[in-house]
Amino acid sequence: QKQIAENLGISRSTVIRMLEEARRRAEVQIWINGTPDDCTELALALEEAFSLDEAVVVPGRGSAQETANDVGSALGRFLSEVIQDDMAVGVGWGRTLNASLQTFRPPPRTNTRIVSLLGGILEARWINPIDYSWQVASRLQAECMLFLAPLLVDSAATKRRLIERCGLDRLFDQAAKLDLVVISCGDLATREGSIGLGILDAEVRDAILKAGAVCDVCCNFLDTKGNTVKHGFADRLMNTDIDAIAGAGHVVLASGGAERAKAIRAAILRTGCDTLITDEAAA
């Protein structure tokens, strides 16, 4: 800042003020990048193995939170460039997606809409899907369709009434024709994803695991081949069906950690993932 002020013949305070204004408008972005190991070979191997448009692999084998931060940071930078004007974008939730906000600095977009793919939680701990959707939309200065319903309701009849009588049918219609979806996935065996928030009690969780589930994508439970695991609990979940997610124009999946490898693979197979953002351990 001192050198800029001297070169331009202005005060340092003016430089600071102009820089802050430029950052607010997303005209200037400041990154501090380390010198990570090159994971290009792993990324290319993933692209070939799963017919991906693009794979982004961040280095490291950190803790669950470190992995979420690293993968989320890469996701935030990716979305800052990918989301464009006139797009309908569906978003899920989770620790990794929430971490993307630390690097998500897009310019304002025109006629862009963010659509939440699942309901909220009454007693949110550290993240709520509604809050994440709203924050993404706010940074884009975009419209936002919030899934204004509890993630879990008491019966299938309540779910139908909320959709048919409370306007949620409009959200489901929009979710069926998205240009882009941004999702993560959870590994059920390690109590990640939705079950980590206490949504599933032990009895239901064990039943889903015994039925062969290894993956949770927006509370859609999948087996190792990406097939939906059938269970009565699904009729009480306020979420977007996995087929609607897979039908989006472009599917971005962000998740990492070696323990999630099976879940990530199942999510790729079912959603037809176009862009995978993950870490070295999972790759």
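Leaving aside neighbours within four places in sequence, serine 133 is in contact with Val91, Ile114, Ser116, Cys144 and Leu146, where contact means heavy atoms within 4.5 Å. Serine 133 is found in helix H6, which covers residues 129-140. Helices (H or I, at least four residues) and strands (E, at least two) are DSSP runs, numbered from the N terminus. With a relative accessible area of 0%, serine 133 is buried; buried means under 20% relative accessible area, exposed over 50%, and partly exposed in between, with a 1.4 Å probe and protein chains only.

The model is predicted: local features need pLDDT of at least 70, side-chain atom pairs count only at pLDDT 80 or more, and totals for chains, interfaces and linings use all residues. Residues are numbered from 1 along each chain as its sequence is written, and side-chain values use heavy atoms, with hydrogens and water left out.

The protein has 11 helices and 10 strands. Its radius of gyration is 20 Å, close to the 19 Å that the globule rule gives for 283 residues, so the protein is as compact as a globular protein of that length. The radius of gyration is taken over C-alpha atoms, and the globule rule is 2.2 Å times the number of residues to the power 0.38. The C-alpha trace spans about 70 × 45 × 30 Å along its principal axes. Of the 283 residues, 48% count as buried. Among contacts with a separation of 6 or more, 72% are accounted for by residues 24 or more positions apart. The protein exposes about 14,000 Å², of which carbon and sulfur atoms supply 48%; accessible areas come from the Shrake-Rupley method with a 1.4 Å probe, and for residues only the protein chains shown count as cover.

Helix H8 comprises residues 168-175, and Leu168, Leu171, Gln174 and Ala175 in this helix are buried. These residues cover an arc of only 115 degrees around the axis, which puts them on the same side of H8. The arc is that of the directions from the helix axis to the C-beta atoms. The cover over the buried residues of H8 includes strand S2 (88-91), strand S3 (113-116), strand S4 (143-145), helix H7 (156-165) and helix H10 (242-246).

A search of the whole structure finds 6 salt bridges, a salt bridge being a side-chain nitrogen of Lys or Arg within 4 Å of a carboxyl oxygen of Asp or Glu. One of these joins lysine 2 and glutamate 6, with the closest N and O atoms 2.6 Å apart. Lysine 2 and glutamate 6 are 4 residues apart in helix H1 (residues 2-8), a separation of about one helical turn. Glutamate 6 is exposed, at a relative accessible area of 53%.

Another salt bridge is formed by the side chains of arginine 113 and glutamate 143 (2.7 Å, N to O). Because arginine 113 lies in strand S3 and glutamate 143 in strand S4, the pair ties together parts that are 30 residues apart in sequence. Arginine 113 is partly exposed, at a relative accessible area of 26%, and glutamate 143 also counts as partly exposed, at 44% relative accessibility.

Arginine 270 and aspartate 243 likewise meet through their side chains in a salt bridge (2.9 Å, N to O). This pair links distant parts of the chain, with arginine 270 in helix H11 (residues 261-271) and aspartate 243 in helix H10, 27 residues apart. Aspartate 243 is partly exposed, with a relative accessible area of 48%.

On the surface, Ile4, Leu8, Ile10 and Met18 form a nonpolar patch with about 380 Å² of accessible area together. Patches are made of residues with over 30% relative accessible area and no salt bridge; like charges are joined within 9 Å, and nonpolar side chains (Val, Leu, Ile, Met, Phe, Trp, Tyr) within 5 Å. Isoleucine 10 is placed in the loop between H1 and helix H2 (12-24) and is partly exposed, at a relative accessible area of 32%.

Positive phi values are found in two loop residues as follows. Aspartate 86, a residue other than glycine, has a phi near 65 degrees. Aspartate 86 is in the loop between helix H4 (64-82) and S2, and counts as exposed at 52% relative accessibility. Asparagine 111, not a glycine, has a positive phi of about 60 degrees. Asparagine 111 lies in the loop between helix H5 (95-99) and S3, and at 54% relative accessibility counts as exposed.
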